[in-house]
Amino acid sequence: MSEIPLSVTIQKMTFAKLAEYLDRLEETSSRLSLIDILAELFNEAKDEEIKEIVYLIQGRVAPFYEPVEIGMAEKSVAAAIAQAYGVEKEEVLSSFGQIGDLGKVAQNLNSQAKITDSHIAVKEVFAQLLQIARTSGEGTVDKKLNILSDLLKQINASSAKHLARIPLGTSRLGIGDPTVLDGLAKARAGGRENRKILEAAYNKTSDLGLIAQTLCQNDLKSVEELDVEVGRPIRSQLAERLPDAKTILEKMGGEVHMQYKYDGFRVQIHKNGDQVRLFSRNLEETTAMMPDVIAGVKKQIKAKTAIFDSEALAYNKDSEEFLPFQETTKRRRKYQVEEMAEALPLKAFVFDVMYLNGTSLVDLSLRDRMEKLTQTVSGDGVLIAQPGEFTQEVEKIETVFNDALTKGLEGLVLKKPDSKYEAGARNFNWVKLKRHSAGELKDTVDCVILGYVFGRGKRAEFGAGALLVGVYDSQKDEFVTVSKIGTGLSDEEWREIHQRADKIKLERKPARVNSILVPSVWIKPEIVIEVLADEITRSPVHTAGKTENEPGFALRFPRLVRFRDSDKKAEDATTVKELIEMYKLQYSAK
Ligand code: ATP
């Protein structure tokens with residue numbers, strides 16, 4: 001009888017195997033097959049490596065909100081490729097000039113160099129990439145370059161293509177977080193019906209790797225128990241639109257909580273003892289940009305640990321006026337932060353509290369949270385608590401609304417008094433009442449650029465004639481088209497779009513884009529623009545909200561208002577659901 005081994009070595013996934021999956025993901029143009037391929041990958045992955053795999057398929061070595069960047073410029077990656085395959089850096093850069101993708105350059109050179117794959121494990125490659133990210137101090141550039149070059153020497157051609165793209169942030173898979181959740185649910189959580197448990201955990205933790213690891217190493221119940229924690233941003237709760245005070249009171253159950261609506265940046269404040277971290281609406285860390293807000297938190301918040309939701313606005317100390325969004329936005333910068341904080345100080349209006357002294361408050365009612373908010377923020381300094389007020393009267397809402405407009409604010413946000421803080425939700429628990437919500441369409445739509453159509457004549461010089469833009473279908477995790485935009489952009493803006501789009505050009509339609517129109521060039525959906533249109537109409541050529549029997553929705557006379565990608569990811573664009581509601585609202589004008 002053969003002996004039973006005492007321990008079985010677990011066969012870890014090799015990076016070459018992962019690269020095969022990445023190739024398949026890259027080649028598919030259907031979202032359903034993205035989910036199938038991901039599910040197959042997650043099934044094959046061992047529990048101990050699933051976290052790393054989840055980060056790597058999104059081209060990262062940490063959750064999105066952690067500012068862990070591998071930090072290598074194109075030139076350094078080119079130098080690492082040259083060193084690995086024994087060619088001159090100039091040769092690498094010249095092929096890069098022709099092909100436009102350092103991944104493909106690495107792939108070609110790797111084939112020519114006839115490298116034997118060393119079967120290095122995914123986890124090992126991940127550890128090395130993390131080490132590159134953490135390298136600092138003297139000789140950083142060379143140290144990073146050497147680690148990457150050593151890795152490139154050990155892997156096959158397709159692996160080299162994917163690896164070289166990671167430090168540059170150009171891995172072109174474009175897999176959205178909801179699609180990763182679908183893949184995980186299918187492979188590891190007993191199917192789609194349990195997806196909502198994964199989604200709820202994601203809304204509270206914003207960390208797909210943590211969820212995958214908890215699910216695989218523990219179980220679904222443990223995922224359900226994942227809770228809000230200080231230092232981990234919560235996905236922001238968002239608001240719906242309604243046209244007027246009367247409709248709002250009817251729809252929201254007869255009583256509402258009113259707060260002013262400020263037009264600045266959303267800032268989620270995390271305080272953990274002396275450490276304060278800030279996150280934007282799309283969960284990027286903005287701590288370094290706002291030293292004034294940090295000082296305010298340290299001075300005005302006595303609680304040991306806390307998480308707040310706030311809106312920060314630039315403020316003119318002399319005239320004691322709040323400045324328009326265009327001014328506030330100047331604070332979104334990485335350099336000369338202190339000078340800018342001096343010139344344009346911020347005030348942060350704290351409108352919610354989600355965590356206090358070790359306890360999550362997201363399941364408390366808004367009424368109770370407002371009480372805690374008043375008790376926790378002391379005095380008016382940089383932070384100004386905004387506990388709002390409750391009312392059951394249409395006239396009261398109208399008075400406060402007009403008051404807000406007189407103060408130069410955008411309007412009000414009205415909230416259901418007994419509602420919980422629903423991370424990531426956009427529903428009628430929060431409703432925005434803006435100056436232009438009622439009547440003709442004056443509210444803007446946030447669109448994602450999906451491709452561009454070459455122009456003729458003068459415009460061709462700038463490389464674009466019209467942009468094909470879309471909105472986000474959050475149910476299907478797809479981008480669907482709403483318009484072609486040709487006006488409202490200056491020559492300078494065309495040039496900027498052209499330059500940016502050139503870096504994210506794709507050979508074919510991405511799997512998560514659903515379009516009937518075919519532009520001259522597809523681009524990766526990531527540039528968000530705010531668009532003003534005269535009207536939302538029905539159109540058979542656009543796919544937003546289109547069903548088998550009904551035409552889609554489209555924007556009439558669209559024009560660009562501003563770029564929004566500094567605070568919005570593609571998935572934060574206006575959703576189809578919102579667009580349809582805006583369509584209905586435009587006809588409820590009185
Ligand atoms: P959204 O953030 O809903 O996608 P948007 O970026 O177009 O939409 P608005 O429609 O102008 O923004 O309104 C929502 C935003 O208003 C919130 O994300 C938040 O940043 C801001 N805001 C200002 N005051 C408040 C408040 N009192 N309560 C909630 N949000 C507020």
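**Close-up views of a predicted model**

**View 1. Helix 1 and helix 3 are oblique to each other, since their axes cross at roughly 45° (oblique is what remains after under 35 degrees, roughly parallel, over 145, roughly antiparallel, and 65 to 115, roughly perpendicular).** Axes are lines fitted to C-alpha atoms, for helices over the stretch in contact, with angles from 0 to 180 degrees between N-to-C directions. Helices (H or I, at least four residues) and strands (E, at least two) are DSSP runs numbered from the N terminus. This is a predicted model, where local features need pLDDT of at least 70 and side-chain atom pairs count only at pLDDT 80 or more. Residues are numbered from 1 along each chain, and side-chain values use heavy atoms, without hydrogens or water.

**View 2. Phe15, Leu18 and Leu22 of helix 1 meet Ile53, Leu56 and Ile57 of helix 3.** Contact means heavy atoms within 4.5 Å.

**View 3. Five strands form an open sheet with mixed pairing, in the order 1-12-11-2-10.** Strand 1 (238–241) and strand 10 (389–391) are at the edges with a single partner strand each, so one side of each has no neighbour in the sheet. Strands pair if DSSP finds at least two bridges between them.

**View 4. Strand 2 (residues 256–261) and strand 11 (residues 411–415) run antiparallel, joined by five bridges.** Here histidine 257 stands opposite lysine 415 of strand 11. Helix 19 (residues 394–406) packs on the sheet and touches strand 2, strand 10, strand 11 and strand 12 (426–434).
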